[in-house]
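Try each task before reading its solution.

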Amino acid sequence: MDYTSYKKALLMGLHEILRTRGFKRKNNIFSASNGDLSYYICLQSNINSTVDTLITTVNIEMASAELYRIEEISIPEELYRSSVKNIGEYAGLQRTKWWTIHDEQSMLKAQQEIAAILLNKILPDIELPASKQSQGLFSWIKEFRAAMYL
């Protein structure tokens, strides 16, 4: 296997988890919206990846249409993000979590770890319509919004 095969396998695994929760895939970005808040789960490759090795991480991003209007941002709305967190923060790390994938075993391990963090730590906090997901809300966006309106 090579870089492209590893990335494709990871994206397919993410797609299986996220599509049942209302996320749509465009390239390496999965997105879902509840109206005001849009959520993005992005597979990011490291610049040090090679033809035979994929170095990757997952970023969790949010955008608020309301905050976009309030802040009068000059970039296109589809590129705006209110908040960005790395999967490492959900794994209890104080830094970005990277996976180095160079064979099938390391790819399977990365898939399992990413899936576990998504299913157990990230997705339960995402607010989507009740028919699609739980009613929780990222505590960090609550804090951000509270600070904006104080």
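The notes on the model come first, and the exercises follow.

This is a predicted model, in which local features need pLDDT of at least 70, side-chain atom pairs count only at pLDDT 80 or more, and totals for chains, interfaces and linings use all residues. Residues are numbered from 1 along each chain as its sequence is written, and side-chain values use heavy atoms, with hydrogens and water left out.

**Exercise 1. The overall fold**

State how many helices and strands the protein chain has, and in what pattern they follow.

Solution. 
Step 1. Take helices (H or I, at least four residues) and strands (E, at least two) as DSSP runs, numbered from the N terminus. The count is five helices and six strands.
Step 2. Read along the sequence, these elements give the pattern α-β-β-β-β-α-β-α-β-α-α.
Step 3. Call a residue buried at under 20% relative accessible area, exposed at over 50%, and partly exposed in between, using a 1.4 Å probe and protein chains only. On this scale, 41% of the 150 residues of the protein chain are buried.
Step 4. A contact means heavy atoms within 4.5 Å. Among contacts in the protein chain with a separation of 6 or more, 55% join residues 24 or more positions apart.

**Exercise 2. The nonpolar core**

Find how many residues the largest nonpolar core has, and which of them have the most contacts inside it.

Solution. 
Step 1. A nonpolar core is a set of buried Ala, Val, Leu, Ile, Met, Phe, Trp, Tyr and Cys residues joined through side-chain atoms within 4.5 Å.
Step 2. The largest such core has 31 residues, and Phe 23 and Ile 41 have the most contacts inside it.
Step 3. At least two residues of this core come from each of H1, strand S2 (29-33), S3, S4, H3, S6 and H4.

**Exercise 3. The salt bridges**

List the three salt bridges of the structure and say where the partners lie.

Solution. 
Step 1. Side chains of opposite charge can pair when their charged atoms come close. A salt bridge is a side-chain nitrogen of Lys or Arg within 4 Å of a carboxyl oxygen of Asp or Glu.
Step 2. Arg 19 pairs with Glu 16, the closest N and O atoms being 3.2 Å apart. The two are three residues apart in helix H1 (residues 3-19), so about one helical turn separates them. Arg 19 is partly exposed at 43% relative accessibility, and Glu 16 is partly exposed at 46%.
Step 3. Lys 97 pairs with Glu 113, with 4.0 Å between the closest N and O atoms. Lys 97 lies in the loop between helix H3 (87-90) and strand S6 (99-101) and Glu 113 in helix H4 (residues 104-122), so this pair ties together parts that are 16 residues apart in sequence. Lys 97 is partly exposed at 22%, as is Glu 113 at 26%.
Step 4. Glu 113 also meets Lys 109 in a salt bridge (3.8 Å, N to O). Both lie in helix H4, four residues apart, about one turn of the helix. Lys 109 is exposed, at 52% relative accessibility.

**Exercise 4. The surroundings of Thr 57**

Determine whether Thr 57 is buried or exposed, and what lies 2.5 Å from a polar atom of its side chain.

Solution. 
Step 1. Thr 57 is in strand S4 (residues 54-64) and is buried, with a relative accessible area of 0%.
Step 2. The backbone oxygen of Lys 97 lies 2.5 Å from a polar atom of the Thr 57 side chain.
Step 3. Leaving aside neighbours within four places in sequence, Thr 57 is in contact with residues including Cys 42, Asn 86, Lys 97 and Trp 99.

Terms used. A polar contact is a pair of N or O atoms within 3.5 Å; within protein, one must be able to donate a hydrogen and the other to accept it, and residues adjacent in sequence count only if both atoms are side-chain atoms.
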